[in-house]
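Open the model in your viewer and keep the sequence beside it. This tour goes stop by stop, telling you what to select.

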Amino acid sequence: LVTIKTLGLAYLEEFKLEEAEEQFLKFIDLAPKEKLGYANLGLTYLRMGKYPEAEKQLLKGIKIDPEDPDIRLILATVYKMNDESDRAIRELKEALTYSPDHIKIIYDLSELYSLNPDAESQKLRENCILQLVEKAPGNLVPRLNLSDIFIRNGNFDKAVEQFKKA
């Protein structure tokens, strides 16, 4: 199992997707109750652009472990790539119930909110950015995003404050 998983991940990293698919299918055949086989196969299908197949495999992984935030993050990416941002947002929110400090989930959620120009989405994005600045104070991207929000809202003093902290 370790060899098959390692080989599959190596193929995935090298973007040899058909070979990765073959290894992860073998892995699932040998260990059908192991969530990572489904997660890795789902990621492989995502990279292949096979979104329905990716969703199917990822849902199998989630069925095994509903609280795994990383599998939910990959599923949200499938939805995002398939132009289903509402489903992606729901999936990320669900993932946050199990892992509220997961930086990548909060970041992806902020990015999805940024696609909607309505005031509610922009406020939700701002809340995500504030969380990111708090949870990852050394990361410049959230701080710059927050500065941009402050500038757009006319809060120039707060924007300058963020630049000084950067």
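Helices are DSSP runs of H or I with at least four residues, numbered from the N terminus. Axes are lines fitted to C-alpha atoms, for helices over the stretch in contact, and angles run from 0 to 180 degrees between N-to-C directions.

This is a predicted model: local features need pLDDT of at least 70, side-chain atom pairs count only at pLDDT 80 or more, and totals for chains, interfaces and linings use all residues. Residues are numbered from 1 along each chain as its sequence is written, and side-chain values use heavy atoms, leaving out hydrogens and water.

**Stop 1: H2 and H3**

Select H2 and H3. Their axes come within 9 Å and cross at roughly 160°. H2 and H3 are therefore roughly antiparallel (angles over 145 degrees). The crossing is left-handed: the near helix is turned anticlockwise from the far one by less than a right angle. Now show side chains. Contact means heavy atoms within 4.5 Å. On the H2 side, look for residues including Phe 24, Leu 25 and Ile 28; on the H3 side, Leu 41, Tyr 45 and Met 48 are among those they meet. By class, this contact has ten nonpolar, three polar and three charged residues. Here Ala, Val, Leu, Ile, Met, Phe, Trp, Tyr, Cys and Pro count as nonpolar, Asp, Glu, Lys and Arg as charged, and the others, Gly among them, as polar.

**Stop 2: the core**

Next, select Leu 46, Leu 58, Val 78, Leu 92, Ile 105, Leu 109 and Ile 129. Of the 39 residues in the largest nonpolar core, these touch the most other members. Such a core is a set of buried Ala, Val, Leu, Ile, Met, Phe, Trp, Tyr and Cys residues joined through side-chain atoms within 4.5 Å. Which helix gives the most to this core? H5 does, with seven residues.

Zoom in on Val 78. Leaving aside neighbours within four places in sequence, Val 78 is in contact with Leu 46, Tyr 51, Ala 54, Glu 55 and Leu 58.

**Stop 3: Ile 105**

Move to Ile 105, in helix H7. Is Ile 105 buried or exposed? Its relative accessible area is 0%, so Ile 105 is buried (under 20%, with a 1.4 Å probe, protein chains only). Not counting residues up to four places away in sequence, Ile 105 touches Pro 69, Leu 73, Leu 92, Ala 95 and Leu 96.

**Stop 4: H8 and H9**

Finish with H8 and H9. The axes of H8 and H9 come within 9 Å and cross at roughly 140°. The crossing is left-handed.

Notes: Buried < 20%, exposed > 50% of the residue type's maximum accessible area, 1.4 Å probe, protein only. Helix = DSSP H or I, 4+ residues; strand = E, 2+ residues; numbered from the N terminus. Parallel < 35°, antiparallel > 145°, perpendicular 65-115°, else oblique.
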